[in-house]
Amino acid sequence: MFAVLLALLALLLAGVAPRLMARLVWFRRAPRPALVAWQAVSLAAVIAALAAAPAAVPYLRERGWLVFGMAAAVTLLVLGRLLLSGHRVGTGLRAARARHRELVDILAAPDDGGRADGIRVLAHATPTAYCLPGRRSRVVLTQGALAALPADELDAVIAHERAHLRGRHDLLLEYFTVLHHSVPDPVRSPEALREVRLLIEALADRAAIRTSGPVTTARALMTLARGQAPEASLAAAGDGTTAARMRLLASEPVSPLVSAVMYLYAGAVVALPLTLLWLSWR
Ligand SMILES: [Zn+2]
């Protein structure tokens, strides 16, 4: 019974909950608790799937082979995918970033190479800004961005990129991507990853607003929306989320009570599969 419930819960959390959560647009006005809620749902889905087989062990005493077999299939499928996607996302992204960082260091104009603050300037006309996270992190700007952005907007852009680096948003996204890909394609919701990316941008925009205010941040965003940032980097803009982010810049944050409810929801969602597993063994 609990094994079946856990398998159904995994399905619900991986396939149904994200589609519903993506429709709650006000979630975006509280990017931090929203990110915690998204992480919690994807983590809970994986926990539920992994717990299905252990929860089915008691069935073996009553020769419930079919239930155990199905639960074991769910668990092994998700476990296999989890290990595989963890390996792929981890090594693939890191290698891409290391190559990219080397390139940036080689290509950056020599007089900018001495900038102590990890900022690199590329000789390119398209206004673009992005960061390369990791131990030797870089904020990359193009000469086009320096030319197009007045000083205050440039400050907003750098504050945005620094927020990505400081908050290790790359790890957040990596962790979520691994969980996301451990669920088979027909079940998982494509909205989840898109929404988490948007929330991470909204979080960095908050930092830019604290430095430069909403109007300057919005102007900088508009300028950079014309640019294109490479894969495996966290861009300041130009990733197709600009319109949604502009709306968020103008919106009021949600009340602390709503944030608290979102954190509670996240906690409850993770507690649910763990409780079911515990009950199955009682
Ligand atoms: Zn960004």
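The lining of the largest cavity divides into 10 nonpolar, 3 polar and 1 charged residues, where Ala, Val, Leu, Ile, Met, Phe, Trp, Tyr, Cys and Pro count as nonpolar, Asp, Glu, Lys and Arg as charged, and the others, Gly among them, as polar. The model is predicted: local features need pLDDT of at least 70 and side-chain atom pairs count only at pLDDT 80 or more, while totals for chains, interfaces and linings use all residues. Residues are numbered from 1 along each chain as its sequence is written, and side-chain values use heavy atoms, with hydrogens and water left out.

**Confidence and annotation**

- The protein has a mean pLDDT (the predictor's confidence in each residue, from 0 to 100) of 88, and 92% of its residues reach 70 or more.
- Confidence is highest in helix α10 (residues 256-281), at a mean of 95, and lowest in helix α4 (residues 110-113), at 52; helices (H or I, at least four residues) and strands (E, at least two) are DSSP runs, numbered from the N terminus.
- Where pLDDT is low, the predicted coordinates should not be read in detail.
- An unreviewed UniProt entry places the feature "domain: Peptidase M48" at residues 122-171; UniProt positions follow the numbering used here, feature names are shortened, and annotations may be inferred rather than shown by experiment.
- Residues 122-171 are 50% helix and 20% strand, and the end C-alpha atoms of this span lie 25 Å apart.

**Cavities**

- The structure holds 2 cavities of 30 Å³ or more; on a 1 Å grid over the protein atoms alone, a cavity is a set of points where a 1.4 Å probe fits but cannot get out, and lining residues have an atom within 4 Å of a point.
- Leu 13, Ala 14, Pro 18, Ser 42 and His 180 are the closest to its centre of the 14 lining residues.
- α2 gives the most to the lining of the largest cavity, with 4 residues.
- The second largest cavity holds about 60 Å³ of space, and of its 10 lining residues Ala 156, Val 157, His 160, Ala 220 and Leu 221 are the closest to its centre.
- α6 (151-166) and α8 (190-224) each give two or more residues to this lining, with α8 giving the most, 6 residues.

**Second largest pocket**

- About 190 Å³ of space lies in the second largest pocket, a pocket being an open set with protein on both sides within 12 Å along at least five of seven lines.
- Of its 13 lining residues, Ala 10, Leu 11, Val 74, Val 78 and Pro 184 are the closest to its centre.
- The lining of this pocket has 12 nonpolar, 1 polar and no charged residues, and its largest share, 4 residues, comes from α1.

Definitions and conventions:
Points joined across faces, edges and corners; volume = space filled by probe spheres on them.
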